[in-house]
Amino acid sequence: MAATAAIRSMPPANADLHTTWAYIEEGVDHIMNRLDTGVSIAEYMNMYTVILNYCVSSRMHGDLDSSIGLGGRTGANLMGGDLYKNLVRYFASHFVNIRATSEPLFNEDLLRYYLREWNRYTTSARYLDRVFTFLNRHWIKREMDEGRRNVYLVYTLALVMWRDNFFIDLQNRNSKLSSAILKLIESERNGQTIDQSLVKNILDSFITLGLDEKDSTKTWSDVYRQYFQMSFITETDKYYKAKTQAFLSEHTIPDYLKCAEQWLREEEDRTEHVIIREHLETIWDDFQQLLDHDKDEDLQRMCAMLARIPEGLGPLHKMFEDHVNHEGQQAISKLVDKGGVNVDSLEPKVYLDAISEVCLKNQHIIQRSFKNEIGFITALDKACREFINRNAATGTSTTTFSEFLAKHVDRLLCKNHKMAGGNLDAALNQVMIVFKYVEDKDAFQTSYNIKLSNRLLHDLSTSEEAEASMISHLKDACGFAYTIKLQRMLTDISLSKDITHEFSESNKQTSDDTGGDINFKIMVLGSNFWPLKAPSYGFVIPREIVPMYEHFLRFYQSKHANRRLRWLWNYSKNELRTNYLHQSYILVTSARQMAILIQYNTIDTLMTDELTTVTGITKDLLMQILGVLVNANILTNERKDQYTLNLNFKSKKIRVNLSVLSEAEFRPERVDILKVVDEDRKYVIQATILRIMKARKTSKHQALISEVVSQLSHRFIPKVSVIKYAIEMLLEKKYMKRVEGQRDMYKYLP
């Protein structure tokens with residue numbers, strides 16, 4: 001604070017209102033009009049002391065104005081009210097000259113005058129606020145605490161007086177102030193350089209003037225909205241409506257998107273209605289063309305712009321879904337036109353390459369152009385699920401896509417499939433990309449279980465690591481429960497190797513030669529995890545292997561007394577060595593073939609009835625197996641019902657595989673899969689309904705069906721008719737009931 005020329009003499013402590021205010025008013029006027037010349041510390045403290053002395057005086061001075069609502073109170077409260085009233089009068093008179101000076105001013109001149117006066121006024125008001133600290137802390141605070149209206153802290157009072165005596169007066173004169181700001185903004189939009197700080201600082205004053213009447217320490221943006229924002233938005237809409245229409249009439253949508261992006265950035269999102277909403281249809285119409293020509297940058301700009309408004313992206317999601325579906329259907333139709341009739345006749349790799357190419361291409365579009373926006377991800381999922389499960393190839397085939405995929409994986413993981421490790425990993429990753437969109441994942445699971453079982457039983461897997469890798473992929477995609485059986489099957493194979501080794505070592509330690517010249521390998525498999533069936537035919541264990549059979553039973557039960565073994569002869573494979581020929585051969589046979597051939601150890605010719613008796617195989621099945629052996633030239637059939645061992649058998653192969661299963665020996669796999677899947681789905685649907693009803697207690701019919709579909713759609717799409725049948729079954733079993741008087745309402749019965 002700079003020192004003034006002279007220090008005024010203070011009035012006495014008991015001075016009356018007239019004398020006291022005359023001293024205070026002179027200091028207030030100096031601060032409000034000549035603050036740049038400085039105020040000394042002594043002068044500042046003298047004013048503070050005079051105000052304090054007057055407020056604590058117990059005398060009554062002068063005439064009191066009851067307009068502030070002081071009632072008949074005395075003391076500090078009353079004296080404070082006198083000073084507050086005079087300060088209000090001073091502020092009111094202070095604006096007379098300010099208003100007069102502003103009347104002839106317009107546009108930028110008015111704005112500069114307004115901002116200059118605002119800065120000077122608010123700076124001076126802060127000084128006054130400190131001078132009147134005692135009044136703020138006592139009389140004003142008490143009045144505000146008691147809910148007195150129109151009483152403010154001194155600085156807030158100064159803002160109220162500015163608003164009511166100058167700001168509103170300016171606005172009432174044809175919105176003089178806001179119009180000047182809008183003209184300056186329009187000049188900038190037209191390419192002229194303006195003083196942006198001038199506009200910003202004036203608009204900041206609008207915010208400052210938005211006072212909360214209930215709490216004078218807070219400000220709101222009411223003044224800004226009422227006196228500027230509404231007019232600004234209206235003028236902005238008019239400006240950009242004309243500008244966008246003119247631009248679109250001469251330029252393309254990509255060019256418009258570039259300019260619109262810049263306009264929105266300049267206007268800080270205030271022009272969305274005109275720049276985006278007014279031209280939504282035009283922008284939407286150009287989306288397909290941008291997709292067709294892979295205009296990534298323009299697509300990214302369009303997506304970012306339309307995401308600003310709630311309804312902007314909705315139609316694009318549907319168009320993108322249709323686009324992906326069309327691309328997928330077209331890619332598969334080309335393969336069918338080249339010679340593939342359906343899924344069964346198409347080359348699997350070519351088919352999956354075409355599908356994954358469409359999926360990956362559009363995934364990259366979503367990442368690059370749409371920034372992984374959830375609506376486009378959902379649209380891609382829907383489209384891929386549609387064209388993968390229903391297309392020109394699957395429409396003419398009895399094989400579902402899930403079965404086709406399981407067969408393809410089976411070929412990849414078989415030993416005879418020529419593929420290096422890195423290529424196998426890539427092929428399995430490609431399978432998982434497509435697997436994500438398979439609808440009947442439960443059918444894939446069932447089919448895959450059967451094929452994995454076959455590979456493991458017959459030692460056809462390319463490697464345990466590859467099998468474990470595929471199961472890990474499925475676990476990541478569908479969860480632990482989906483792969484628990486698959487994982488347990490691998491575990492059983494590993495444990496079976498240990499059991500075989502332990503059994504062999506046990507025989508060596510005991511010098512047990514029960515099995516004679518027999519090499520024995522066993523697989524002990526969990527019945528709950530393997531899709532295997534016990535033989536439905538009679539089977540007599542050949543006496544040559546009975547000792548080994550009984551010895552293993554004793555060995556296993558000594559380790560697992562409470563487990564029961566059920567022998568699956570229909571899945572066993574046997575190797576017989578020929579000792580009756582000049583050349584020794586190894587015959588790979590099924591258990592039934594082994595049971596038949598081993599009978600020829602003691603006799604060269606046997607009748608059909610004799611074979612039926614010693615093997616326990618039914619005559620119809622026996623005849624088919626004998627037919628296989630005759631065709632292989634192992635046996636001869638020169639007389640009816642008489643089969644003789646061919647002592648002149650010759651083969652180019654030392655190892656001859658005879659374990660060929662006929663239709664009668666093994667039911668076709670696909671029939672089993674469909675039957676198992678359908679049966680499983682019935683129980684899954686019933687369990688899902690009960691789980692929902694237990695949680696909700698009551699549910700309407702349509703809501704229950706919708707929730708069942710929602711919960712099961714990640715595994716398969718349940719048919720509504722099957723869901724209705726499941727509901728009826730649960731009603732019949734008394735798990736739930738219909739609510740009386742409401743036929744479409746169900747209630748859970750605990």
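Aspartate 381 counts as buried, at 16% relative accessibility, where buried means under 20% relative accessible area, exposed over 50% and partly exposed in between (1.4 Å probe, protein chains only). This residue forms a salt bridge with lysine 436, the closest N and O atoms being 3.6 Å apart; a salt bridge is a side-chain nitrogen of Lys or Arg within 4 Å of a carboxyl oxygen of Asp or Glu. The pair links distant parts of the chain, with aspartate 381 in helix 17 (residues 374-389) and lysine 436 in the loop between helix 19 (421-435) and helix 20 (441-457), 55 residues apart. Lysine 436 counts as partly exposed, at 43% relative accessibility.

The model is predicted, and local features need pLDDT of at least 70, side-chain atom pairs count only at pLDDT 80 or more, and totals for chains, interfaces and linings use all residues. Residues are numbered from 1 along each chain as its sequence is written, and side-chain values use heavy atoms, with hydrogens and water left out.

The protein has 29 helices and nine strands; helices (H or I, at least four residues) and strands (E, at least two) are DSSP runs, numbered from the N terminus. Of its 750 residues, 44% count as buried. Among contacts (heavy atoms within 4.5 Å) with a separation of 6 or more, 70% are between residues 24 or more positions apart.

In total, the structure holds 32 salt bridges. In one of them, the side chains of glutamate 327 and lysine 361 meet at 2.9 Å, N to O. Glutamate 327 lies in helix 15 (residues 314-337) and lysine 361 in helix 16, so this pair ties together parts that are 34 residues apart in sequence. Glutamate 327 is buried at 17% relative accessibility, whereas lysine 361 is partly exposed, with a relative accessible area of 34%. Arginine 455 and glutamate 467 form a further salt bridge, with the closest N and O atoms 2.7 Å apart. Because arginine 455 lies in helix 20 and glutamate 467 in helix 21 (residues 464-478), the pair ties together parts that are twelve residues apart in sequence. Both of these residues, arginine 455 and glutamate 467, are buried. Salt bridges also link Arg8, Glu26 and Glu43 in a network.

The largest nonpolar core has 71 residues, and Phe320 and Phe401 have the most contacts inside it. Such a core is a set of buried Ala, Val, Leu, Ile, Met, Phe, Trp, Tyr and Cys residues joined through side-chain atoms within 4.5 Å. Helix 16 (residues 348-369) supplies the largest share of this core, eight residues. Residues up to four places away in sequence aside, phenylalanine 320 touches Phe287, Leu291, Asn362, Ile365, Ile366, Phe370, Phe376, Ala379 and Leu380. Another core, of 69 residues, lies apart from the one described; among its members are Ile24, Ile51, Cys55 and Leu135.

Strand pairing, for which DSSP must find at least two bridges between two strands, involves strand 9 (residues 742-748), which runs antiparallel to strand 7 (residues 698-700) and is joined to it by three bridges. Threonine 698 has lysine 747 of strand 9 as its bridge partner. Four bridges join strand 8 (residues 736-739) to strand 9, also antiparallel, and methionine 736 is partnered with tyrosine 748. Strands 8 and 9 form a hairpin with two residues between them, and glycine 741 in the turn has a positive phi of about 85 degrees.
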